[in-house]
Amino acid sequence: MKESQSENRQEVVSLCMELVSKPSVTPKDEGCQQLIATKLRDSGFHIENLSHIDTTNMYATHGSGGPIFCFLGHTDVVSPGELSAWAYSPFDPVIHDGMIYGRGTADMKGGVAAMVMAAKRFVEKNPNHRGKISLMFTSNEEGEFVNGTPHMVSRLLERNEILDYCLIGEPSSSKVLGDTIKIGRRGVLTANVSVFGIQGHVAYPHLGNNPVHNAIPALNELVSHVWDRGNEYFPPTSMQIPNIRSGFGVSNIIPGECFIQINWRFSNEISAEEIKRITDEIFTRHKLNYHIDWEFAGAPFITRTGELLDITKKAVRDICGIEAEGSTAGGTSDGRFIARFEGCQVLELGVISETIHKANECTSAEDLEKLALIYERILEELMV
């Protein structure tokens with residue numbers, strides 16, 4: 001690992017750089033969780049391996065009883081893409097002008113490092129804290145996700161280990177550290193639609209049946225449909241068509257099938273089942289010959305009020321000197337799986353998100369240490 005114009009040796013920065021140096025592109029972990037486990041075990045944490053199929057999962061705990069507080073994160077990263085677009089090698093982290101460069105610095109190995117060091121510091125100062133402190137990490141959040149957090153949540157539910165609080169270290173901040181706390185996320189539903197027709201020669205359309213032509217009126221109705229108007233926490237439900245495929249790449253064949261992919265990001269004003277019902281009703285009314293494979297990625301969730309939100313806002317105020325705003329904007333996160341624990345308060349707080357999934361991804365070394373202090377302050381307020 002290299003350093004440029006900085007001698008920042010804070011533990012959280014060092015751990016972040018160690019993690020970034022491991023090329024853990026989804027679903028690989030490349031030893032990240034082993035490194036984390038070693039550091040936590042040295043402070044008295046019990047480490048449980050909950051790996052499943054192609055995914056490396058770990059669940060670390062300290063203490064017993066309730067309440068149960070959980071830090072949630074992931075050790076996998078997206079591909080760095082074209083290496084020539086990077087000023088520095090993506091898996092050889094560099095500190096330059098106070099910024100740590102490397103794939104995963106922001107999403108979310110920086111957050112993981114801050115959570116680990118905050119938990120270590122806290123239990124070393126408070127070995128007899130109340131309740132249980134846990135850390136849950138997966139190597140498959142950026143990919144198919146099924147064998148990651150959902151699997152661990154199912155395991156915990158099976159043994160009736162119910163989380164009371166969950167803080168996710170995703171990069172939630174917008175302009176400065178702590179300005180935004182994600183208090184919820186929209187639901188995600190995808191329809192993979194096949195519309196069937198009759199293949200034929202374009203010069204003899206009466207002998208064919210073009211599924212593209214047939215689908216257009218139904219798609220127009222779906223696009224113009226008002227699913228809901230949102231509320232004070234969520235914007236209106238949005239629907240997008242990211243993919244349409246049909247034909248053979250030639251101009252003289254009527255296709256026999258058209259594939260359409262439709263994605264909804266939906267508020268808590270509507271359910272996945274209602275979206276399915278409306279979609280089926282529109283396709284049926286337009287007399288389409290169709291089949292839909294539905295993919296449900298999670299329902300909307302929200303933490304409007306509660307101890308965790310109050311304490312997190314206060315910690316941001318104390319450490320950063322700003323007032324954090326609650327938001328549900330953006331994509332989704334593994335918080336949608338934690339919402340299966342009835343009554344669990346779920347928030348996301350992490351570094352600035354500006355460079356995530358981009359070349360030259362980076363985060364501030366100073367922000368990482370502040371983030372660890374925020375996390376530690378939250379534990380002090382909740383678990384002492």
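Reader: Which strand does E8 join through four bridges, and which way do they run?
Author: E8 is joined to strand E19 (residues 345-348), and the two run parallel. Strands here are DSSP runs of E with at least two residues, helices are runs of H or I with at least four, and both are numbered from the N terminus. Two strands count as paired if DSSP finds at least two bridges between them.

Reader: Ok, and what stands opposite Ile-168?
Author: That's Glu-348 in E19.

Reader: Before I go on, what kind of model is this?
Author: It's a predicted model, where local features need pLDDT of at least 70, side-chain atom pairs count only at pLDDT 80 or more, and totals for chains, interfaces and linings use all residues. Residues are numbered from 1 along each chain as its sequence is written, and side-chain values use heavy atoms, with hydrogens and water left out.

Reader: Back to E8. Which residues sit on each of its faces?
Author: Tyr-165 and Leu-167 are on one side, Cys-166 and Ile-168 on the other, and all of them are buried, so to speak, on both covered faces. Buried means under 20% relative accessible area, exposed means over 50%, and partly exposed is in between, with a 1.4 Å probe and protein chains only.

Reader: What about E4, how many of its residues are buried?
Author: Seven of the seven residues of E4 (residues 68-74) are buried, so the strand is largely enclosed by the rest of the structure. One side has Ile-68, Cys-70, Leu-72 and His-74, while the other has Phe-69, Phe-71 and Gly-73.

Reader: Which strands does E4 pair with?
Author: Seven bridges join E4 to strand E7 (residues 132-138), and these two run parallel. E4 also pairs with E8 (residues 165-168) in the parallel sense, over four bridges.

Reader: Switching to helices. Which residues of H4 are buried?
Author: In H4 (residues 149-158) they are Thr-149, Pro-150, His-151, Met-152, Val-153 and Leu-156. Their cover includes E3, E4, E7 and helix H8 (335-338).

Reader: What happens just after H4?
Author: Asn-160 takes a positive phi of about 60° there.

Reader: And H2, what's buried in that one?
Author: In H2 (residues 32-41), the buried residues are Cys-32, Gln-33, Leu-35, Ile-36, Ala-37 and Leu-40. What covers them includes helix H1 (11-20), strand E2 (46-49), strand E3 (57-63), helix H3 (105-125) and E7.

Reader: I'm also looking at Ala-272. Is that buried or exposed?
Author: Ala-272 is buried, with a relative accessible area of 11%. This residue is found in helix H6 (residues 272-285).

Reader: What does Ala-272 contact, leaving aside neighbours within four places in sequence?
Author: Leu-189, Phe-266 and Phe-296. Contact means heavy atoms within 4.5 Å.

Reader: Where are the cis peptide bonds you'd point me to?
Author: One goes from Thr-26 to Pro-27, with omega near 0°, and Pro-27 is in the loop between H1 and H2. Another goes from Gly-66 to Pro-67, also with omega near 0°, and Pro-67 is in the loop between E3 and E4.

Reader: Why mention those at all?
Author: Because most peptide bonds are trans, and most residues other than glycine have a negative phi.

Reader: Which loop is Asp-97 in, then?
Author: Asp-97 is in the loop between strand E5 (94-96) and strand E6 (99-101). Its phi is near 55°, a positive value in a residue other than glycine, and Asp-97 is exposed at 52% relative accessible area.

Reader: And His-357?
Author: His-357 has a positive phi of about 65° although it is not a glycine. This residue is in the loop between E19 and strand E20 (362-364), and is partly exposed, with a relative accessible area of 43%.

Reader: Last one, how many helices and strands does the protein have?
Author: Nine helices and 20 strands. Of the 384 residues, 53% count as buried.
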